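Please read them with the structure open.

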Amino acid sequence: MRIVLLGPPGSGKGTVANILIETYNIPHITTGDLLREEVAKGTEIGKFAKPYMDRGELVPDEVVTRMVEGRLSRSDCEKGFILDGYPRNPAQAKSLDEILRQLNMSLDCILNIVVPDDELIRRLTTRRICSNCGAIYNTLTKPPKKEEVCDLCGGKVIQRDDDKEEVIRNRLEVYKKQAKPIIELYRKRGLVRNLKGDVGLQALPAEVKKMMEGSK
Ligand code: AMP
């Protein structure tokens, strides 16, 4: 199964990806994570990408595309993959077509997670993160046992600056602008499946299964 995963911040992409990993036993490839690894390892790509990432700008297409090409060529992608964070614009979508053509592959579906804005804002403004180990909490659904203290490492649990409401509204607008042409492009090819991302954690696996049926 070759899947491109789309969804706004707070839509539960990680949760959906985990359901897909379990179901299809395929790797989850996230360009943000790949780039952060390059930065951490201090590679040429990492050194080049870091200033763009620090400014919250997209890293130039050629660099990200080369990285994605390398990753999709690895043997663990032969059975399929979940691509997350790429393509981010129509030029990247075109490059992805080219990469897949060369690898003799094609996409099975674009899984587009849909959650109403109000729900996204509620989820993100209640999100908290451990400033030390990155563990994720939620003041409503998963508070740390001791207020502001991480259950796992004892680090301080904080609200990220970009999880504040004004910033979130802006992030959602930026996401919509970015995602719209990509969804349109794949919709014309009949590949887009809208997944209801607000059905609750219990019902989500069945919802994902329902969406994926008929994508093969
Ligand atoms: P993310 O974790 O998806 O928010 O990505 C973190 C950062 O990595 C972004 O702000 C961009 O600087 C960079 N990045 C991730 N994916 C891409 C992409 N497909 N094209 C360009 N830059 C990207």
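**Notes on the fold**

1. An open sheet of three strands has the order β6-β5-β7, with antiparallel pairing. β6 (136-138) and β7 (157-158) are the edge strands, each with a single partner, so one side of each has no neighbour in the sheet. Between strand β5 (residues 127-130) and β6 there are three bridges, in the antiparallel sense. Arg-127 is placed opposite Asn-138 in β6. Two strands are taken to pair if DSSP finds at least two bridges between them. Helices (H or I, at least four residues) and strands (E, at least two) are DSSP runs numbered from the N terminus.

2. Basis of the numbers. This is a predicted model, in which local features need pLDDT of at least 70 and side-chain atom pairs count only at pLDDT 80 or more, while totals for chains, interfaces and linings use all residues. Residues are numbered from 1 along each chain as its sequence is written, and side-chain values use heavy atoms, with hydrogens and water left out.

3. The five-stranded sheet. Five strands make an open sheet in the order β2-β3-β1-β4-β8, with parallel pairing. At its edges stand β2 and β8, each with a single partner strand, so one side of each is left without a neighbour in the sheet. From one strand to the next the twist averages 25°. Axes are lines fitted to C-alpha atoms, for helices over the stretch in contact, and angles run from 0 to 180 degrees between N-to-C directions.

4. Helices on that sheet. Helix α7 (residues 165-188) packs on the sheet and touches β1, β4 and β8, its direction making about 130° with that of β8. α8 also packs on the sheet, touching β1, β4 and β8, and its direction makes about 165° with that of β8. Contact means heavy atoms within 4.5 Å.

5. Strand β1. How many residues of strand β1 (residues 2-6) are buried? Five of the five are, so the strand is largely enclosed by the rest of the structure. Buried means under 20% relative accessible area, exposed over 50%, and partly exposed in between (1.4 Å probe, protein chains only). In a regular strand the side chains alternate between the two faces of the sheet. Both faces of β1 are covered, with Arg-2, Val-4 and Leu-6 buried on one side and Ile-3 and Leu-5 on the other.

6. Pairing of β1. β1 and β3 run parallel and are joined by four bridges; Arg-2 stands opposite Phe-81 in β3. Four bridges in the parallel sense also link β1 with strand β4 (residues 109-114). In β4, Ile-110 is the bridge partner of Val-4, and Asn-112 stands opposite Leu-6.

7. Helix α8. The buried residues in helix α8 (residues 204-212) are Leu-204, Glu-207, Val-208, Met-211 and Met-212. Seen down the axis of α8, they fall within an arc of 130°, so they line one face of the helix. The arc is that of the directions from the helix axis to the C-beta atoms. Ala-206, Lys-209 and Lys-210 are exposed on the other side of α8. The buried residues of α8 pack against β1, α1 (13-24), β4 and β8 (192-196).

8. Glu-207. This residue of helix α8 has a relative accessibility of 12% and therefore counts as buried. Leaving aside residues up to four places away in sequence, Glu-207 touches Leu-195, Lys-196 and Val-199.

9. Helix α2. Thr-31, Leu-34, Leu-35 and Glu-38 are buried in helix α2 (residues 31-41). Their arc around the axis is only 95°, which puts them on the same side of α2. The cover over the buried residues of α2 includes β2 (28-30), α3 (44-54), α4 (61-72) and β3 (81-84). Gly-42 follows α2 and has a positive phi, near 70°.

10. The α4 and α5 pair. The axes of α4 and helix α5 (residues 90-102) come within 10 Å and cross at roughly 30°. α4 and α5 are therefore roughly parallel to each other; angles under 35 degrees count as roughly parallel, over 145 as roughly antiparallel, 65 to 115 as roughly perpendicular and the rest as oblique. Asp-61, Thr-65, Val-68, Glu-69 and Leu-72 in α4 meet Ala-91, Gln-92, Ser-95, Leu-96, Ile-99, Leu-100 and Gln-102 in α5.
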